[in-house]
Amino acid sequence: MEHLFSSFVTIPRLAVSGCLALILGLTGEPARAELATGTAFARSLATAVAETEGVAAFYKASGYRDLWTGPDDADRRQAALQAFSRAADHGLPVTRYDASALVAAFQSARTERDRGQVEAAMTQAFLAYARDLSSGALTPSKVDAGIVREIARPDPQAMLQAIAASPTPHEFLRDLAPSSPEYARLMKEKLRLEGVIAAGGWPNVPLAAQLQPGDQGPQVIALRDHLVARGYLTASAAATYDRSLLRAVQRFQLDHGLTADGVANAATLEALRLPASERLKSVIVALERLRWLGDAPRGARHIWVNLPEFMARIVDEGRTTFKTRAVIGKDVEDQRSPEFSDVMEYMVINPSWGVPRSIIVKEYLPLLQRNSNAVSHLQVVDNKGRVVPRGAVNFAAYSASSFPFGLRQPPSDGNALGKVKFMFPNVHNIYLHDTPAKNLFAHEVRAYSHGCIRLGDPIDFAHILLSAQSEDPKGVFQTELESRLETSVSLDSSVPVHLVYFTAWPTARGQIGYRNDVYGRDGRLFDALSEAGVALTGEQG
């Protein structure tokens, strides 16, 4: 063992980048007999990994052959330690796979028993890194109950078998990250923001309450300089709020979900003042969210609802073919729209609305107890769906827990679900639907529902979905609509639906668009990442 580690045991402590070349350069033939798996190594390794079932099975099947600490493992060892040392590039908690600590463990090892301990530590670090990079560092439901996304975690034994068999460990480790173009663009934005922070941040935003076309003076110059620094405008010394500045403000507003009127109003100036460090937090959380999605296919055709953007899209082969404004759940307990993915199977034209139990007992039962004729647009129904005359029910005799009836609104022009709903059956009772409250779609912030997603253009949305199975989708829809009967129309091919929550996301124009953290979820996630060891570092140092 002295031959294996002697060349770096005596060197001074260096930064990881300085040590790796020395440590990992041991690719010659030092004391091969001493490096062969020995009894002491096997016992030490077996004890260290005994509590981790998949790891123990991997080493037992290999006869406790080394994966990281032998003379033939140098390329794999180097690739892993270099990847660990750059984990912060992905916004990962580097202390979970601390390359410096592993280097120190190599430096201090003297015996076969020590080598077994180092081998186990490298394996645990690799598995933590592989898990975090491929599927996320957090278990999101433990951070926020509204994130109910199912996450596919890698199998430890299979992961070890894969890295052991890989002839190119550097590429293997690189490819653990999501391959989506959005991940690469967010990584680029992370590095850019770190550079901005290291340089002192963006120029100050003027303190004016509002700036608009035609304004002149130093505050206009400050606004122009800020937008130049952020890439929205080419450098200019003009002191007038001219057409070029108006267009730059409009582009910024579009990227931030603001009304794109070109006027730097209070909301626009507030968004401009948010520092690069806050935007960086959004990007780091967005990278984590993409890792939860992994490389699982989103669907050649899929529906993408980004909750903080208040938009729903139909995406075909990676390109948005239809988009519409959306209303999401209110920012109150039990009404925030959850995050998950499922599959849309059918739509219901002329739907009735079965009022959710929570709404019945919290909102409508108290009204009915005071006046049995309240909410007269709703029918009282029994557990078999049969209409019950209101006069036959003593509403005052029931509590929220004992009320045995349901409430239903039959199809009508004023139905809460409008003319159509889109169903992807799920335990959360969430779906997409029309609404008679069209005025809400004119608002910038559209969090008004009880959790379901209301669509601004549901009829066109239905036409696009039906166009995949009918040459006359408008005719098919209109025929069922005019019947005024509640009718289910199955989709010949089910369509994946993804309810996501990205406050940072690439735009079609190459910028990163940002949105407000409407439910506070990103803030909680970043706090959890910080507790795990993620820091706003990188290019700032």
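At what angle do α8 and helix α10 pack, and how far apart are their axes?

Author: This is a predicted model, in which local features need pLDDT of at least 70 and side-chain atom pairs count only at pLDDT 80 or more, while totals for chains, interfaces and linings use all residues. Residues are numbered from 1 along each chain as its sequence is written, and side-chain values use heavy atoms, with hydrogens and water left out.

The angle between α8 and helix α10 (residues 156-165) is about 105°, and their axes are 11 Å apart. Axes here are lines fitted to C-alpha atoms, for helices over the stretch in contact, and angles run from 0 to 180 degrees between N-to-C directions. α8 and α10 are therefore roughly perpendicular, a term for angles of 65 to 115 degrees. Helices are DSSP runs (H or I, at least four residues), numbered from the N terminus.

On the α8 side, T123, F126, L127 and A130 meet P156, M159, L160 and I163 of α10; contact means heavy atoms within 4.5 Å. By class, this contact has seven nonpolar residues, one polar and no charged. Ala, Val, Leu, Ile, Met, Phe, Trp, Tyr, Cys and Pro count as nonpolar, Asp, Glu, Lys and Arg as charged, and the others, Gly among them, as polar.

α8 spans residues 112-135 and also holds R115. R115 is buried, at 0% relative accessibility; buried means under 20% relative accessible area (1.4 Å probe, protein chains only). The side chains of R115 and E112 are joined by a polar contact of 3.1 Å. Such a contact is a pair of N or O atoms within 3.5 Å; within protein, one must be able to donate a hydrogen and the other to accept it, and residues adjacent in sequence count only if both atoms are side-chain atoms.

Note on methods. Helix = DSSP H or I, 4+ residues; strand = E, 2+ residues; numbered from the N terminus. Buried < 20%, exposed > 50% of the residue type's maximum accessible area, 1.4 Å probe, protein only. Parallel < 35°, antiparallel > 145°, perpendicular 65-115°, else oblique.
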